[in-house]
Amino acid sequence: MPRERFLKQSLGAQFANIKNARILVVGAGGIGCELLKNLVCTGFGEIHVVDLDTIDLSNLNRQFLFRHAHIKKSKALVAREAASKFNPNVKIEAHHANIKDPQFNVDWFRSFVIVFNALDNLDARRHVNRMCLAADVPLIESGTTGFNGQVQPIRKRLTECYDCAPKETPKSFPVCTIRSTPSQPIHCIVWAKSYLFNELFGISEDQASDLDHTSDENNKEEIAELKKEAAALKEIRASMGSTEFPQKVFDKVFTQDIKRLLGMEDMWKMRKPPTALDFETVNAEAANVDRQTLADDQKDWSLAENFAVFADSLIRLSDRLDKLRAAQETGNAPPILTFDKDDRDTLDFVAAAANLRSITFGIETKSEFDIKQMAGNIIPAIATTNATTAALCVLQAFKIMRGDWAKAKMVFLTKSTERVINKESLRPPRPDCGVCATAYARLVINTEKTTLESFVKDVLVKKLGYNQDEVEVSNNAGVWYDPDMAMDDNDNLEKTLSEINIVNDSTVIIRGEGDEGERVNLELSISNMELDPSAAAATSESFTLVPDLQTIPKKTPAVTATTTDSAPSNGHNLPTRTTAKRSADEAELDNDQTAKRGKVAEEKKDVTVVEDDGAIMIDDD
Ligand SMILES: Nc1ncnc2c1ncn2[C@@H]1O[C@H](COP(=O)(O)OP(=O)(O)OP(=O)(O)O)[C@@H](O)[C@H]1O
Ligand SMILES: [Zn+2]
């Protein structure tokens, strides 16, 4: 069959491994669709794909496995159907589900030879990272942002894990900037989206992740006033559905609140003061607005046009909430609306309210199209970046399939006139990583006389600094000590180490259960220490650690913080390197790569150089 012939010619001895490989792709979005197509065409034998989402119109420009007719259908299922056509020899299993669901447990992860992450949020990426570490399965992590892409092969104990490098936290703004002294369009957009929208239709502002409350202490009086303002708005919310509702909201936020701010003269000594708007005047002007022009989201709306959209969307959203309330079952939490950049009603409201606020503060207004990008934290996803990144994932997978971790690389794609693709050697795990760090030592101890209790108290707590209530001790025979087993009820404590199979040449795993501040994990290789027969029992002095560890490093806070909700929606949350990227030369990129490639091709026994029958030799260095 020609397909297999060319694959064999291109992949050499690897082909058989690839044909038998069972692999997992998490995410069937921008990168996932490209990746799936590449993996299917390469002939990976069994591919599982997991995605929780359904297809949206906005996916179609780049997620090429999907067509208009697929809108609202499961991404995973449609991706399987479309990708199968590229190579019917490949078995594809689709799971329309969240990768965090319990059915996808460690044993299930262990059944794959490689896992590929093609996700768009920190939370899911972190979860898969942990599962792959627990299952000891290689993970190829990838992400794109605009023109930038990144591929990171991860292997337990060998390389940095996804959480070894700190991640950028989503941007947030001080409350006073948003509520009292905006100076940029984004401040007004955040005000409309995270404050006004939520106070009227959603959950109160204190929960908004893009508001930073750290400087509240220094602005106590203003914060107290702002709390009163929010409370007054809540009262207005109660009149939703009445004909006066739009005017009440407008008067409150664009007239009264602005007048109150103007009264704080100190605030405007160094800043341009805002101008309050008048409902009657703007409403009269809005009567002449041509509604057709409002459909154009690239147009800069005038004050009257913004007003028309504001008033209209306010009514549309109020009606929606009313209907939800009417349909609500008794006893359930009251229904709310949430902002969604792809929901026209919520976007109209946020765009118009943000622009009206910009007008009061003399800030430039933005088109609805621009506001959609800013409010949705959208950096345009670029199909070519996704495609290239997905291809780089597969090239890394070839090395991993060969077990050639020395050649596996962290690869960066950037917009550059010099070199678009750069690579870096993989780094070893960070010793204080709260997720993957494991300390190693040899413990020389008398296993016949030392009890588990003495081991926990003298070695783990006293010597190494573990917290007695947070530590777990296990070996290949099971868990012998864990914080949930109260010390008093744990019958194992009086047993000697040898009685619980902690014997010469065995391994004991110590896990700190807590998060930040708790010690990282420890793997102890045991050597039995012969004791003088007259020695009564083991004491804290009767063991040796090689190397002589003083205390075990603590897990760091940097890798346990941040949430996903406010993370940008496309392939963001790329790991941030703590050091600058190395230059191309340092990153082992020769200038005469063509010459080098020729040489590699000649030397490698498992790669076939094909002459004239059309196959392309894959050089994945
Ligand atoms: N926990 C999860 N379990 C399964 N799939 C997930 C999970 N989290 C995210 N995904 C999927 O990962 C994919 C990421 O793809 P992509 O970055 O292209 O995002 P998108 O939602 O398709 O597009 P955009 O966000 O740019 O509109 C999405 O299809 C998303 O449904
Ligand atoms: Zn790590």
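Which residue of E15 is the bridge partner of Ile510? The question is taken up below, within an account of a predicted model in which local features need pLDDT of at least 70, side-chain atom pairs count only at pLDDT 80 or more, and totals for chains, interfaces and linings use all residues. Residues are numbered from 1 along each chain as its sequence is written, while chains are lettered from A and ligands numbered from 1 in the order in which they are written.

The protein comprises 17 helices and 16 strands, taken as DSSP runs numbered from the N terminus (helices H or I, at least four residues; strands E, at least two). Of its 621 residues, 37% are buried, that is, 20 or more other C-beta atoms, placed from the backbone, lie within 10 Å of the residue's own.

An open sheet of mixed pairing is formed by six strands in the order E13-E12-E14-E15-E11-E16, where pairing requires at least two DSSP bridges between two strands. Strands E13 (478–481) and E16 (543–546) stand at the edges with a single partner strand each, so one side of each is left without a neighbour in the sheet. Strands E14 (residues 507–512) and E15 (residues 521–528) run antiparallel and are joined by four bridges; in E15, Leu522 is the bridge partner of Ile510. Helix H16 (residues 452–463) packs on the sheet, touching strands E11 (438–445), E12 (471–475), E13, E14 and E16, with contact defined as C-beta atoms, placed from the backbone, within 7 Å.

Around ligand 1 there are 23 residues, of which Gly27, Gly29, Gly30, Asp53 and Asp120 come nearest; a residue is near if its C-beta atom, placed from the backbone, lies within 6 Å.

Terms used
A residue is buried if 20 or more other C-beta atoms lie within 10 Å of its own, exposed if 12 or fewer, and partly exposed in between; C-beta atoms are placed from the backbone. Two residues are in contact if their C-beta atoms, placed from the backbone, lie within 7 Å. Axes are lines fitted to C-alpha atoms, for helices over the stretch in contact, and angles run from 0 to 180 degrees between N-to-C directions.
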